[in-house]
Amino acid sequence: MNSLYQRKEGQSRRLSSWDQTGGNRDFIVIGAGQTAAIAEIEGSGIIQHIWMTIAAKNKYAFRKVLVRMFWDGEEEPSVDSPVGDFFGVGHGVASHYVSMPLNMITTQDVIEDKAAMNCFFEMPFRSSARIEIINECEDEMVLYFYVDYVEKQIPEDSFYFHASWRRENPTQGTVDLAALKLEHDAQDKANYADQKVYELKNLTGDDNYVLMDAVGEGHYVGCNLSIDHLNPMPGFSWPGEGDDMFFIDGEPWPPRLHGTGTEDYFCAAWGYPSGKYDSPYHGISLYAPIRGNGDAWRESNTILFNDYSGKITQYRFHIVDPIIFRESLRFSIEHGHGNSQSNDYSSVAYWYQREPHKAYPEMLPVALRLPLPEKDSAKQFFQTF
């Protein structure tokens, strides 16, 4: 804040859904299957803040509604994501949390179907900017929004803002649960599965879950990762053992940035004992376990496994420590140690780079974006063993 007193260049502008008749219908209606451009800006400037809230009849509207952003007349979007995931909460729902660049404001300690959503990532453009909202719900939706920006010239060395959503459901785990259970029962040891999983080695990173695969020059500034833990194992259920790996500029194995575990990359430890929490640069924006954090399942006083099943979204922003790349960056993370687990993984990565950017994976159709309903997730969990 120590530069707030200095003179600022440019002219402040806003686009919003205000009722231009002077009334109080300060929203727009987007029909089912329709696209609305909430910002079409000509000239040079920087978007500095986006606020929006949606009202929709459809469950999981936060996964069905998409946000796309285009800079300087590009044909392929630089931002392509379901709206809820873009603003920091996965699984098609809303959850109250506050970070430095993103937040959702809604009922605390409740999983919601409504929220005010804010983004403070700066988004420069040199000749034009376009923001689209695509309603892929079965019914019309209502949208309230602000897009605040400043008209000004952009330095030649400025990068463009990018964000890309991905999903793998399920990840291809390397452990055969049925065979492992038989072996576990025969061994009659609660930690047998732990031992078998820890025998796995990953010396390539080839089968990791990929959050970002960019080509060009830029810097990565963060992500959110949503996991629905469908794949508990006897003696080994925590999904947070997967290491993070950043392969920079096409470097070979091992990458110069190699982590020690999922919860470690997201700046926590010991299996997220706090549950949901918010901080400026890292946190748990959604925490919805089926049976609670680490509840032990017991049979004849023998611990079979710790239950970490259920849905979670965790975030990490590299605001003060962006990861720099000059030619390319591939960011991936193991799904369980040695990619042992088969779970529902989805994510949004955020970064800045020069254009053109590498094409993103094609956006999944609505049916393949939806979260696994809780009753089905629980059923799969309880029938595993």
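**Note on the predicted model**

1. Phe246 has Phe331 in E23 as its bridge partner. The two strands concerned are E16 (residues 244–248) and E23 (residues 328–333), which pair in the antiparallel sense over 5 bridges. Strands here are DSSP runs of E with at least two residues, numbered from the N terminus, and two strands pair if DSSP finds at least two bridges between them.

2. This is a predicted model, in which local features need pLDDT of at least 70 and side-chain atom pairs count only at pLDDT 80 or more, while totals for chains, interfaces and linings use all residues. Residues are numbered from 1 along each chain as its sequence is written, and side-chain values use heavy atoms, with hydrogens and water left out.

3. An open sheet is made of 4 strands in the order E14-E23-E16-E17, with antiparallel pairing. Strand E14 (209–215) and strand E17 (257–258) are at the edges with a single partner strand each, so one side of each has no neighbour in the sheet.

4. How many disulfides does a search of the whole structure find? The search gives 0, a disulfide being a pair of cysteine sulfur atoms within 2.5 Å. Cys137 is buried at 5% relative accessible area, and Cys223 is buried at 0%. Buried means under 20% relative accessible area, exposed over 50%, and partly exposed in between (1.4 Å probe, protein chains only).

5. Met100 lies in the loop between strand E7 (97–98) and strand E8 (102–105). Its relative accessibility is 46%, so Met100 counts as partly exposed.
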